[in-house]
Amino acid sequence: MSTFSIFLVLITIVCFLLIVVIMVQNPKGGGLDSNLGGSKMMGGVQKTTDFLDKSTWTLATILIALILLSSLAFTGNLSDVESKIIQSSSTTAPVSAPIAPASEAPATAPAQ
């Protein structure tokens with residue numbers, strides 16, 4: 001397994017976690033915050049909002065770092081260096097002049 005493949009797996013996992021954390025949040029104040037009740041909980045609503053906000057920024061930073069590192073680890077072995085189009089165009093002889101279309105005979109009107 002190449003280094004690039006490892007980065008792809010890690011990027012996929014971080015993307016999934018980032019989607020989950022963003023979906024748990026609710027921009028109107030609901031989401032996970034509304035399920036915890038009031039001050040009866042140990043952490044409270046404010047701590048949950050802080051945790052979700054910090055985890056979103058942390059996962060986004062990790063995602064950007066993984067993408068940049070994966071671009072450095074990519075060696076280009078997966079791509080085809082020799083293009084089939086370039087090979088086929090270099091082996092065929094170029095056409096010197098375009099061929100003129102054959103002149104068409106005028107259409108005859110049906111007899112009445």
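**Helix packing, nonpolar core and surface patch**

Thr56 is buried, with a relative accessible area of 15%, where buried denotes under 20% relative accessible area, exposed over 50% and partly exposed the range in between (1.4 Å probe, protein chains only). The model is a predicted one, in which local features require pLDDT of at least 70, side-chain atom pairs count only at pLDDT 80 or more, and totals for chains, interfaces and linings use all residues. Residues are numbered from 1 along each chain as its sequence is written, and side-chain values use heavy atoms, with hydrogens and water left out.

Thr56 belongs to helix H3 (residues 44-73); helices (H or I, at least four residues) and strands (E, at least two) are DSSP runs numbered from the N terminus. A polar contact of 2.8 Å joins the side chains of Thr56 and Gln25. Such a contact is a pair of N or O atoms within 3.5 Å; within protein, one atom must be able to donate a hydrogen and the other to accept it, and residues adjacent in sequence count only if both atoms are side-chain atoms. When neighbours within four places in sequence are set aside, Thr56 is in contact with Leu18, Val21, Ile22 and Gln25, contact being defined as heavy atoms within 4.5 Å.

At the level of the whole protein, four helices and zero strands are present, and the order of elements from the N terminus is α-α-α-α. Of the 112 residues, 16% count as buried. Among contacts with a separation of 6 or more, 73% involve residues 24 or more positions apart. The protein exposes about 9500 Å², of which carbon and sulfur atoms supply 68%; accessible areas come from the Shrake-Rupley method with a 1.4 Å probe, and for residues only the protein chains shown count as cover.

The largest nonpolar core comprises nine residues: Phe7, Ile11, Val14, Leu18, Val21, Leu52, Leu59, Leu63 and Leu66. Helix H1 (3-24) and H3 are the elements that give two or more residues to this core, and H1 gives the most, with five. A nonpolar core is here a set of buried Ala, Val, Leu, Ile, Met, Phe, Trp, Tyr and Cys residues joined through side-chain atoms within 4.5 Å. Ile11 touches Leu63, Leu66, Ile67 and Ser70, residues up to four places away in sequence not being counted.

Ser70, in helix H3, is buried at a relative accessible area of 7%. Its side chain reaches the backbone oxygen of Ile67 at 2.8 Å. With residues up to four places away in sequence not counted, Ser70 touches Phe4, Phe7 and Ile11. The C-alpha atoms of Ser70 and Leu8 are separated by 7.6 Å, although these residues are 62 apart along the chain. Phe74 is located in the loop between H3 and helix H4 (84-91) and is partly exposed, at 37% relative accessibility. Its C-alpha atom is separated by 9.3 Å from that of Ser2, 72 residues apart along the chain.

On the surface, Met1, Ile6, Val9, Leu10, Ile13, Phe16, Leu17 and Val20 form a nonpolar patch with about 770 Å² of accessible area together. Patches consist of residues with over 30% relative accessible area and no salt bridge, like charges being joined within 9 Å and nonpolar side chains (Val, Leu, Ile, Met, Phe, Trp, Tyr) within 5 Å; a salt bridge is a side-chain nitrogen of Lys or Arg within 4 Å of a carboxyl oxygen of Asp or Glu. Val9 lies in helix H1 and is partly exposed, with a relative accessible area of 42%.
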